[in-house]
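Please walk through this model with me, from the overall fold to the individual side-chain pairs. The sequence and the coordinates come next.

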Amino acid sequence: MTLSQLRSFVTVARLGSVKAAARALEVSEPAVSGAVGVLRKELGDDLYVRAGGVIELTPGGRRLASAAGEILGLVAETRRAVGAAASEKPALRVAATPTVAEFAAGPLLYAFGRRHPNIEVVVQVAPRREFAGLLADRTVDIALGPAITGTDEGPEIGAEPFLRYGLIVVAAPNHTLAGSKALAPAALVSTPWLLGPGESDTATDTGAFLARQSIAPRRTRSYPNFAAALAQAASGRGVTLAIAHTVRDELERGALVELDVRGTPISGLWYANTLAPELRTASANALQRFVTMPEATRAMLNRVGGVPAERFVHMGRWS
């Protein structure tokens with residue numbers, strides 16, 4: 001049993017097909033099939049069967065996927081640990097949802113870096129649905145965004161709340177509904193909704209709100225970052241749901257106005273998700289403690305340090 005064989009099987013299990021796994025691993029399909037075949041023979045288990053055009057893991061396959069994910073995660077963590085020891089600077093790998101990455105991660109990690117200058121921080125943007133897998137595989141040490149829980153086959157995950165926020169509907173000052181009171185969401189059904197990256201997903205606050213109000217996808221426009229969506233709203237091209245404290249300056253100077261829509265503000269809470277204490281790295285422990293401190297809260301609310309939102313661009317991976 002080799003690491004490459006385990007990696008092939010884990011990738012097949014996660015992506016649901018040999019073809020997708022081969023593409024992700026940048027190898028041929030026969031290479032993936034061969035690696036899985038060796039595991040099947042060694043373990044005496046089919047590991048997965050095909051059902052309705054997709055693969056379905058056997059009970060043994062589910063256990064192998066869980067164990068192999070832990071093994072590969074420990075290997076990756078060991079490599080990082082050795083590399084960090086060589087440079088005498090521990091690394092902290094952070095995942096954040098697009099919203100957190102654009103509006104909170106920069107100021108938060110800037111303040112954290114001032115307190116812990118010896119820790120090197122690397123951030124990647126990921127949707128909430130990927131958090132559990134990234135943590136279980138030790139690809140990241142901590143994930144910032146909505147709370148998650150571990151799976152039955154995966155490690156225990158703890159979530160620490162660190163920032164409460166409110167979503168409000170904003171538009172240009174000359175919007176036809178500006179100044180109206182207690183608007184029913186139905187009044188905005190025909191209005192273009194301007195969205196940041198990933199907000200059409202019903203797993204996000206905005207996506208869930210639009211789905212509840214039966215806002216058709218054709219009425220939405222998506223932009224590469226939230227700052228661009230806000231700029232378009234300020235120019236009169238539609239409305240958007242914005243995090244209240246991030247548009248405070250725009251509201252005060254009149255560049256945007258809040259629409260009085262029933263059901264808003266929408267209250268939300270961000271969490272720092274990490275593995276169980278006995279599995280965490282020291283740097284993950286340090287950040288999870290820091291996010292609950294007043295210093296961290298002030299940095300995020302005042303947005304001091306980090307990359308300005310209007311300079312933030314979400315980069316996607318594609319081949």
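What percentage of the 319 residues of the protein chain count as buried? The share is 42%. The model is a predicted one, and the mean pLDDT of its protein chain is 85, with 92% of residues at 70 or more.

The protein chain contains 11 helices and 11 strands. Along the principal axes, its C-alpha atoms fill a box of roughly 70 × 50 × 30 Å.

Among the elements, strand β5 (residues 142–145) has the highest mean pLDDT, 93, while helix α4 (residues 59–87) has the lowest, 82. Over residues 308–314 pLDDT stays under 50, and the model has 18 contacts beyond four places in sequence for this segment. Where pLDDT is low, the predicted coordinates should not be read in detail.

The next topic is charge pairing. Side chains of opposite charge can pair when their charged atoms come close. With a cut-off of 4 Å between a side-chain nitrogen of Lys or Arg and a carboxyl oxygen of Asp or Glu, the count comes to 4 salt bridges. Three of them are described here, including that of Glu-77 with Arg-138, whose closest N and O atoms are 3.3 Å apart. This pair links distant parts of the chain, since Glu-77 belongs to helix α4 and Arg-138 to the loop between α6 (131–136) and β5, 61 residues apart. Glu-77 has a relative accessible area of 22% and is therefore partly exposed. Arg-138, at 5% relative accessibility, counts as buried, because the limit for that class is under 20%.

A salt bridge also joins the side chains of Arg-115 and Glu-295, at 2.6 Å from N to O. Arg-115 lies in helix α5 (residues 98–115) and Glu-295 in helix α11 (residues 294–302), so this pair ties together parts 180 residues apart in sequence. Both partners are partly exposed: Arg-115 has 43% relative accessibility, and Glu-295 has a relative accessible area of 26%.

In another salt bridge, the side chains of Asp-201 and Arg-129 meet at 3.0 Å, N to O. Here two loops are linked: Asp-201 sits between β7 (193–195) and α7 (205–212), and Arg-129 between β4 (120–125) and α6, 72 residues apart. Asp-201 is partly exposed at 26% relative accessibility. Arg-129 reaches 63% and counts as exposed, because exposed means over 50%.

Where is Ser-222 found? Ser-222 is in strand β8 (residues 220–222). With a relative accessible area of 52%, Ser-222 is exposed. Ser-222 and Ala-81 are separated by 141 residues in sequence, and their C-alpha atoms are 39 Å apart in space.

Terms used
Residues numbered from 1 in each chain as written. Predicted model: local features only at pLDDT ≥ 70, side-chain atom pairs only at ≥ 80, totals over all residues. Heavy atoms only, no water. pLDDT = per-residue confidence, 0-100. Helix = DSSP H or I, 4+ residues; strand = E, 2+ residues; numbered from the N terminus. Contact = heavy atoms within 4.5 Å. Buried < 20%, exposed > 50% of the residue type's maximum accessible area, 1.4 Å probe, protein only.
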